[in-house]
Amino acid sequence: MLGYILRRLLATIPVLVIVAVLVFLMLRLTPGDPAAVIAGDNATTEQIALIRNRLGLDQPILAQFAIWAGNLFQGNLGESFFFKKPIGELIVGRIEPTLSLAFATMLIAISVAIPLGVLAAYKHGSWIDRVVMGFSVLGFSVPVFVIGYALIYVFAITLGWFPVQGYQPLSGGFGGFLQRLVLPAVTLSVIYIALIARMTRASVLEVLNEDYIRTARAKGQVERKILFRHALKNAAVPIVTVVGIGIALLIGGVVVTESVFSIPGLGRLTVDAVLARDYPTIQAVILLFSGVYVGINLLIDLAYSLFDPRIRY
Amino acid sequence: MSNAQTPVLEIAGLSIALPGGGDRARAVDDVSLSVAAGEIVCVVGESGSGKSVTAFSVMGLLAKALKPVAGAIKLEGEDLLTATPQRLRALRGDRMAMIFQEPMTALNPVLTIGDQIEEVLRIHTDLGPAERRAQVLAMLESMRLPEPERMHASYPHQISGGQRQRVMIAAALILDPALLIADEPTTALDVTTQAQILRLIKDMQSRRGTGVLFITHDFGVVAEIADRVVVMEKGRVVEQGPAADILTHPQHPYTQMLIAAVPSLKPADRKPALGPLALETVGLAKTYGSKTLFSKARIVHAAKDVAIRVRRGETVGIVGESGSGKTTVARCVARLMPPSEGSILVPDIDIAKLSEGRLRPYRRKIQVVFQDPFRSLNPRRTVGASIVEGPMNFGLGAKEAMQRARDLMALVGLQPNALERYPHQFSGGQRQRIAIARALAMEPEILIADEAVSALDVSVQKQVLALLADVQERFNLAILFITHDLRVAAQICDRIVVMEKGVIVEQGATAQVFSAPAHAYTRALIEAAPGRDFATGLAAVDAVQA
């Protein structure tokens with residue numbers, strides 16, 4: 001097991017190297033000049049050239065890459081062109097809102113979707129099943145920003161239960177933190193509820209036809225325990241897979257939600273960096289995201305063996 | 001022992017309706033039977049006879065589509081058909097328990113053995129964790145399971161099939177139910193394991209005075225354990241009575257037919273086959289596993305140093321239990337998998353190492369009939385399309401191929417219009433006929449039958465065996481017959497090869513192997529065959545004397 005984890009961690013290195021090279025190249029080859037953006041509309045050619053020289057952008061691409069990679073190797077992500085701050089600091093400052101949002105979203109999604117999916121499977125073919133599946137289709141098809149604005153309109157503007165937008169750090173008090181987190185988290189969770197509920201239903205439905213479910217009934221077990229003790233654990237592997245993929249997608253999804261709700265997280269940082277052609281920041285954020293993806297995939301694989309003793313690495 | 005006056009189970013006039021569109025209106029029609037305390041009642045019948053439906057209706061575990069419409073089921077005098085779901089749940093696992101055919105799938109793969117047995121105690125008793133654990137360990141011990149402590153913490157995939165069935169029995173009997181329902185509990189097990197499990201069931205029920213309703217299709221098993229027998233056909237009870245009477249003096253024609261269809265363990269007289277050699281394997285071996293970069297070598301010898309010879313017109317049986325390597329040999333000979341070592345001569349060229357391209361002409365010569373005809377025929381293609389595909393791959397024109405398929409349908413006893421239908425529209429026996437026709441369409445010289453009759457009811461099995469004998473004579477086929485069933489082997493094989501753990505332990509003429517088995521494993525196999533005394537007529541004498 002430990003050997004397996006080590007091998008998997010080693011295998012992430014080439015993945016991250018490839019990501020780093022691709023990101024670096026793509027940014028350098030797309031049109032747009034960060035020096036011009038920084039210098040502003042009224043800058044002279046000399047001023048732009050000066051800035052370009054200061055940022056090292058006048059060097060050959062290969063040399064730029066070597067410098068960046070060398071710094072990266074020493075744990076130095078570089079300095080943002082736009083924010084004029086070390087990028088490590090930037091990320092640390094922005095990570096709490098994003099993590100809080102992602103965590104809250106998944107918490108809501110899992111605790112709503114799994115019972116719904118199990119219920120739909122148990123009541124297979126009934127109106128409950130159809131309602132759950134109908135909701136699932138709806139959740140898939142309505143874009144995040146529409147749900148976001150709709151929720152803001154109803155719960156923030158009309159009812160006034162929650163602030164329209166913004167973020168309050170956890171250090172500023174749990175109540176305020178939670179109050180500002182609820183709407184964005186619910187918004188984001190809708191699509192994951194749809195996805196996870198659907199997968200749970202399909203997976204549990206299949207398991208319910210298994211012989212050991214009949215055995216459990218023959219023992220006199222009550223239906224609730226048959227569903228949650230016998231069926232759900234057997235159905236867990238595909239469910240864990242979508243939850244994992246969900247978390248990975250979520251990181252991408254926060255870009256939109258953080259914009260809609262004005263949350264100063266990594267999503268907003270990414271958007272700002274892209275608009276400013278802030279190469280080092282974009283590179284760092286994408287590298288961070290891919291590291292998270294790889295890590296989540298490893299966690300999913302490890303979770304399999306937790307739920308199914310037949311899976312061993 | 002409980003009150004001997006009230007039967008443990010009494011079924012009176014039970015009828016269960018089938019949903020519309022079935023081949024009959026009632027799955028079970030006016031069935032009456034009873035089980036007394038300490039008695040084993042076998043319900044015998046072929047697939048579709050309603051024996052399992054009867055058993056499940058007692059447990060209240062019928063599929064929703066099946067509804068009891070008349071009659072009563074009484075457990076220790078209490079009517080189960082009118083009981084509330086809560087009451088039924090309370091009785092299940094406590095007063096009545098059930099074990100099933102497939103012990104692998106009947107146990108939950110993600111929960112430990114101990115947990116699954118303890119579950120019964122958690123549901124029905126107020127015992128604390130320590131007491132539960134102690135009871136389960138004692139039960140495991142009495143099931144003669146090795147290392148109860150380790151067993152308690154094991155998962156189902158870590159133990160053998162026989163052990164799994166013991167675990168099922170432990171879970172069923174831990175609360176001393178009045179009634180144990182056993183639905184084909186040994187059908188999926190090897191003969192030697194089957195013998196042990198039958199002995200265990202008999203032992204436990206006589207010690208605890210449990211009434212047992214035992215569902216089986218196997219008269220050998222009936223002869224082994226039954227006190228009384230109930231014979232069912234198409235949802236009705238056609239005959240019931242003491243086991244000795246039914247086995248020796250069956251009254252109803254259906255019972256007579258069923259008993260007559262059980263192949264005898266006494267080898268049939270067969271003329272020695274003197275045809276030319278069709279197949280020979282020399283030092284055939286198949287190993288799995290290899291050294292990888294990160295793990296130590298773990299090599300499994302699925303088959304080792306296998307030498308068999310089959311002549312044209314001869315049937316050579318490979319017998320053995322699961323894991324003996326018999327199917328591995330069959331698959332290697334058909335080159336469905338490449339052998340690791342050795343040669344396969346057919347008869348003058350070695351096909352063991354031929355490349356796929358050079359092997360192709362020889363593919364036609366060796367054809368296989370598999371165990372499960374439903375899974376070996378493509379469900380989305382018509383029978384005709386499945387049959388003509390092979391010959392047309394080898395250049396036969398569509399018209400000629402279709403004509404050949406029509407001729408073959410007549411040969412295997414099916415209507416020519418069967419060619420336009422799909423596999424699911426046929427019964428198991430008919431599907432196996434189709435599978436044989438498909439193999440014959442290739443005009444093979446060697447036919448491999450891999451457990452080809454194991455999934456069939458005895459009466460159908462008898463017909464398919466007769467068909468195989470017929471086509472063998474007609475086409476002078478060399479048949480390699482893989483089976484775990486010694487009775488079938490005794491009837492159809494000229495020579496027998498006995499395999500154990502990948503190695504041939506004995507081979508010889510069928511009569512010789514059965515009358516004077518040389519190897520201890522062969523003797524164990526023959527001894528474990530259920531109802532072997534019954535087959536040779538000894539049980540009849542014993543029963544009369546008793």
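Biologist: In which sense do β6(B) and strand β7 of chain B pair, parallel or antiparallel?
Modeller: In this predicted model, strand β6 covers residues 96-99 of chain B and strand β7 covers residues 179-183 of chain B. B:A97 stands opposite B:L180 in β7(B). Four bridges join β6(B) and β7(B), and the sense is parallel.

Biologist: Are the faces of strand β6 of chain B covered or open?
Modeller: In a regular strand, side chains alternate between the two faces of the sheet. On one side of β6(B) are B:M96 and B:M98, and on the other are B:A97 and B:I99. These residues are all buried, so by the cut-off each has 20 or more other C-beta atoms within 10 Å of its own. Both faces of β6(B) are therefore covered.

Biologist: Which strands stand at the edges of the open sheet in chain B?
Modeller: The sheet has six strands with mixed pairing, in the order β6-β7-β8-β3-β9-β10 (chain B). From one strand to the next the twist averages 15°. A strand with a single partner has one side left without a neighbour in the sheet, so the edge strands are β6 and β10 (236-242) of chain B.

Biologist: How many bridges join strand β3 of chain B to strand β8 of chain B?
Modeller: Strand β3 takes in residues 40-44 of chain B, and strand β8 takes in residues 211-216 of chain B. B:C42 stands opposite B:F214 in β8(B). The two strands run parallel, and the number of bridges is five.

Biologist: What angle does the direction of helix α7 of chain B make with that of β6(B)?
Modeller: Helix α7, residues 161-173 of chain B, packs on the sheet. It touches β6 and β7 of chain B. The angle between the directions of α7(B) and β6(B) is about 170°.

Biologist: What covers the buried residues of helix α4 of chain B?
Modeller: Helix α4 spans residues 113-124 of chain B, and its buried residues include B:I113, B:I117, B:V120 and B:L121. B:Q116, B:E118 and B:E119 are also among the buried residues. The cover includes α5 (129-142), α6 (148-153) and α7 of chain B.

Biologist: How many residues of helix α1 of chain B are buried?
Modeller: Helix α1 of chain B covers residues 51-59. Among its buried residues are B:K51, B:S52, B:T54 and B:F56. α1(B) is followed by B:G60, with a positive phi near 70°. The helix is largely enclosed by the rest of the structure, because the buried residues number nine of the nine.

Biologist: What is the radius of gyration of chain B?
Modeller: Chain B has 23 helices and 20 strands, and its C-alpha trace spans about 70 × 55 × 50 Å along the principal axes. Of its 546 residues, 49% count as buried. A compact globule with 546 residues would have a radius near 24 Å, which agrees with the value for chain B, 25 Å.

Biologist: Is A:R277 buried or exposed?
Modeller: A:R277 lies in the loop between α12 (266-275) and α13 (279-307) of chain A. Its phi is positive, about 55°, although it is not a glycine. A:R277 has 20 other C-beta atoms within 10 Å, and 20 or more count as buried, so A:R277 is buried.

Biologist: Which element gives the largest share of the side of chain A that touches chain B?
Modeller: The contact takes 19 residues from chain A and 25 residues from chain B. On the side of chain A, α9 (211-218) and α10 (223-234) of chain A each supply at least two residues. The largest share is six residues, and it comes from α9(A).

Biologist: How far apart do the C-alpha centres of domain 1 of chain A and domain 2 of chain A lie?
Modeller: The domain assignment of chain A gives domain 1 (21-73) and domain 2 (93-307). Their contact takes seven residues from domain 1 of chain A and eight residues from domain 2 of chain A. The distance between the C-alpha centres of these two domains is 38 Å.

How values were computed
Residues are numbered from 1 along each chain as its sequence is written. Chains are lettered from A and ligands numbered from 1 in the order in which they are written. This is a predicted model: local features need pLDDT of at least 70, side-chain atom pairs count only at pLDDT 80 or more; totals for chains, interfaces and linings use all residues. Domain bounds come from an automatic or database domain assignment. Two residues are in contact if their C-beta atoms, placed from the backbone, lie within 7 Å. A residue is buried if 20 or more other C-beta atoms lie within 10 Å of its own, exposed if 12 or fewer, and partly exposed in between; C-beta atoms are placed from the backbone. Two strands pair if DSSP finds at least two bridges between them. The radius of gyration is taken over C-alpha atoms; the globule rule is 2.2 Å times the number of residues to the power 0.38. Axes are lines fitted to C-alpha atoms, for helices over the stretch in contact, and angles run from 0 to 180 degrees between N-to-C directions.
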